[in-house]
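My notes follow the structure.

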Amino acid sequence: MTRALVWRFLAALVVVPTVALSAVPATAGELTVADTRGDLYSPEFTQTDDGQPHIRWTHAPAVRHGDIARVTFKHLDRRVVIRSRYVDLVRGTRLYAATRFRDEDGKRAYVHVNAGKDRPGGTTALRKYRTGDRIRCSVSHRIDYATNTITVAFPRRCIGNPRTLAFTAVTESGGASYFDSAHGDRPRELGWSRRVRRG
């Protein structure tokens, strides 16, 4: 499965109601989302008779690599910082960690980190949500296998200096594909966080 299809498949799974941005009070500066442990699922990708994507999910509670424990989003004056802690990160094992953003006008983008056997330190990029085109921007990241954390940061100006941001964080990991969302303990739960104001 190509990375460009990850969000398309996941977007088709959203069953958590999307609350209107104006209806949820914004949090100032920083928000931490704790996730249930042991909630990774392995997907089998198929199509229905009319060609629509269909996914059959198998719970994989014993998988630890890439299992999100908590994610902290920081919407600072000049930078956006995402720090994700995992139950375990295994050096040399494939990991795709992504966070998407939505501003007060509904404009979206996402940042991702890819790591694996050949690049345990990982690579990163900030991209437009709909097209996947790379946004030219200085994005920094660090994978710390000792503390099972990944930190990503980039300037706010790269996404238009938004007043507020809502987030979704997911991972795809392992030799087979295992998915985890920081926003629920079921694979179909892919809602947005509370809005976070610049702090």
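**Conventions.** I am working from a predicted model, where local features need pLDDT of at least 70, side-chain atom pairs count only at pLDDT 80 or more, and totals for chains, interfaces and linings use all residues. Residues are numbered from 1 along each chain as its sequence is written, and side-chain values use heavy atoms, with hydrogens and water left out.

**Core.** Buried here means under 20% relative accessible area, exposed over 50%, and partly exposed in between, with a 1.4 Å probe and protein chains only. The core holds 31 residues. Val-80, Ile-82, Phe-101, Val-111, Leu-126, Ile-150 and Phe-154 touch the most other members. I then listed the elements that give two or more residues: strands E2 (30–34), E5 (68–75), E6, E7 (95–103), E8 (108–115), E11 (149–155) and E12 (164–173). E8 gives the largest share, four residues. Strands are DSSP runs of E, at least two residues long, numbered from the N terminus.

**Salt bridges.** How many salt bridges does the whole structure hold? My search found four. The criterion is a side-chain nitrogen of Lys or Arg within 4 Å of a carboxyl oxygen of Asp or Glu.

I checked Asp-77 with Arg-198 and got 3.6 Å between the closest N and O atoms. This pair links distant parts of the chain, 121 residues apart. Asp-77 sits in the loop between E5 and E6, and Arg-198 in the segment after strand E14 (196–197). Both ends are partly exposed: Asp-77 at 43% relative accessibility, Arg-198 at 47%.

Next came Arg-94 with Glu-172, at 3.4 Å. Arg-94 lies in the loop between E6 and E7 and Glu-172 in strand E12, so the pair ties together parts that are 78 residues apart in sequence. Is Glu-172 buried or exposed? Glu-172 is buried, at 2% relative accessible area. Arg-94 is partly exposed at 24%.

I also noted Asp-144 with Arg-142, at 3.1 Å. Asp-144 is buried at 16%, while Arg-142 is exposed at 54%.

**Positive patch.** Arg-37, Arg-64, Arg-70, Lys-74 and Arg-83 gather in a surface patch of positive charge. Patch members have over 30% relative accessible area and no salt bridge, and like charges are joined within 9 Å. I looked up Arg-83 in particular. It lies in strand E6 (residues 79–86) and is partly exposed at 37%.

**Single positions.** Phe-73 is in strand E5. Phe-73 is buried, with a relative accessible area of 0%. From Phe-73 to Ser-193 I get 9.7 Å, C-alpha to C-alpha, across 120 residues of sequence.

Which residue has a positive phi of about 55° although it is not a glycine? That is Asn-148. Asn-148 lies in the loop between strand E10 (140–144) and E11, and is buried at 15%. Asn-161 is also not a glycine and has a positive phi, about 50°. Asn-161 is in the loop between E11 and E12, partly exposed at 43%.

How values were computed. Patch = residues over 30% accessible without salt bridge, like charges linked within 9 Å, V, L, I, M, F, W, Y side chains within 5 Å. Areas by Shrake-Rupley, 256 points an atom, 1.4 Å probe, with all protein chains shown as cover. Lys, Arg positive; Asp, Glu negative; His and termini not counted. Charge placed at Lys NZ, Arg CZ, Asp CG, Glu CD. Core = buried A, V, L, I, M, F, W, Y, C linked by side-chain atoms within 4.5 Å.
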